[in-house]
Amino acid sequence: MMVGPSGTRGLGLSGTARSDDREPESPANDRHASIFRPLNNANRESFGFLLTATGLCKTPGCAARGQTLRRTAADPPLTHVTLVWRANEHEDWLRFGKPVVERIIDRRRRVESYVPGQVFALVRWASNTFGTIRSTLDIVRAVGPGEAFTTLAQVEPGGELLLSVRGWAKVRAVLRRIDAIEQAGHDPCLVAPDHWRHIGNRLASGLEPRGYRHDRHRAWHLRRKLNR
């Protein structure tokens, strides 16, 4: 049996060329799995769903749990991301993102919602009897009315795709770069969108992406202020 660079088990029945396509194995998803699991409790208040914010939060990430959502016509349209967690079978998580609304569907599913302009990173992994069938990471910007967007599974209606990689080796490479951005003191949600495009293009070409520098981050936010 071969073992890939990830140090995971040997090849599965699928005959994939590299065993690193088998990642992740629960509960080895470190903080990502632990973030999701507290939300996987059954909603004892009803057999439907649980909305988790009163009105639309004006500050990203401020959704309060256990309260009823009331939206008004003045609220911006939302982009909804459906997350599913069935250990060792179908595991989704948000590597970063600050939803304004969270909704628990049942023990294994929840929906996170974002206002136009917010950026999030969706990781999706799935396997069957024969091995891994999906390892993806998409970094997406939620769009507003009239903006062009790309349709994505589990993202309604879709979004502006800033980065998209397939195969766990590339997913892991992007996760390392997100870690490096956080260690440098930057919030990944506020990184210049062109940097995510740069990472995706360099990885697709087999080249090493450049690091995210403080001067580039400052220039991006100054440009945002000028465009407002």
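Which residues of α2 are buried? In this predicted model, the buried residues of α2 are W168, V171, A173, V174, L175, R177, I178 and I181. The chain that holds this helix has four helices and nine strands, and 46% of its 228 residues are buried.

**Overall make-up**
- Along the sequence, the elements follow the pattern α-β-β-β-β-β-β-β-β-β-α-α-α.
- Among contacts with a separation of 6 or more, 57% are between residues 24 or more positions apart.
- The chain has an accessible surface of about 12,100 Å², and carbon and sulfur atoms account for 53% of that area.

**Helix α2**
- Helix α2 covers residues 168–183.
- With 16 residues at 1.5 Å a residue, α2 should span 22 Å, and the distance of 22 Å between its end C-alpha atoms therefore agrees.
- An α-helix has 3.6 residues a turn, so residues three or four places apart point the same way.
- The buried set in α2 includes W168, V171, V174 and I178.
- The cover over the buried residues of α2 includes strands β3, β6 (119–128), β7 (131–141) and β9 (155–166), together with helix α3.
- After α2 comes G185, which has a positive phi, near 95°.

**Aromatic pairs**
- Across the whole structure, a search finds three aromatic pairs.
- One of them joins F96 and W196, which count as stacked because their ring planes lie at 25°, with the centres 5.6 Å apart.
- This pair links distant parts of the chain, as F96 lies in strand β3 (residues 90–96) and W196 in helix α3 (residues 193–204), 100 residues apart.
- F96 is buried because its relative accessible area is 5%, and W196 is buried at 0% relative accessibility.
- Another aromatic pair, Y114 with F120, is also stacked, with 4.6 Å from centre to centre and 25° between the planes.
- Y114 has a relative accessible area of 0% and is therefore buried; F120 counts as buried too, at 0% relative accessibility.

**Strands β4 and β5**
- Strand β4 (residues 101–104) pairs with strand β5 (residues 109–114) in the antiparallel sense, over four bridges.

Key
Residues numbered from 1 in each chain as written. Predicted model: local features only at pLDDT ≥ 70, side-chain atom pairs only at ≥ 80, totals over all residues. Heavy atoms only, no water. Pairing = 2+ DSSP bridges. Helix = DSSP H or I, 4+ residues; strand = E, 2+ residues; numbered from the N terminus. Phe/Tyr/Trp six-rings, centres within 6.5 Å; stacked < 30°, edge-to-face > 60°. Buried < 20%, exposed > 50% of the residue type's maximum accessible area, 1.4 Å probe, protein only. Expected span 1.5 Å × (residues − 1). Contact = heavy atoms within 4.5 Å. Areas by Shrake-Rupley, 256 points an atom, 1.4 Å probe, with all protein chains shown as cover.
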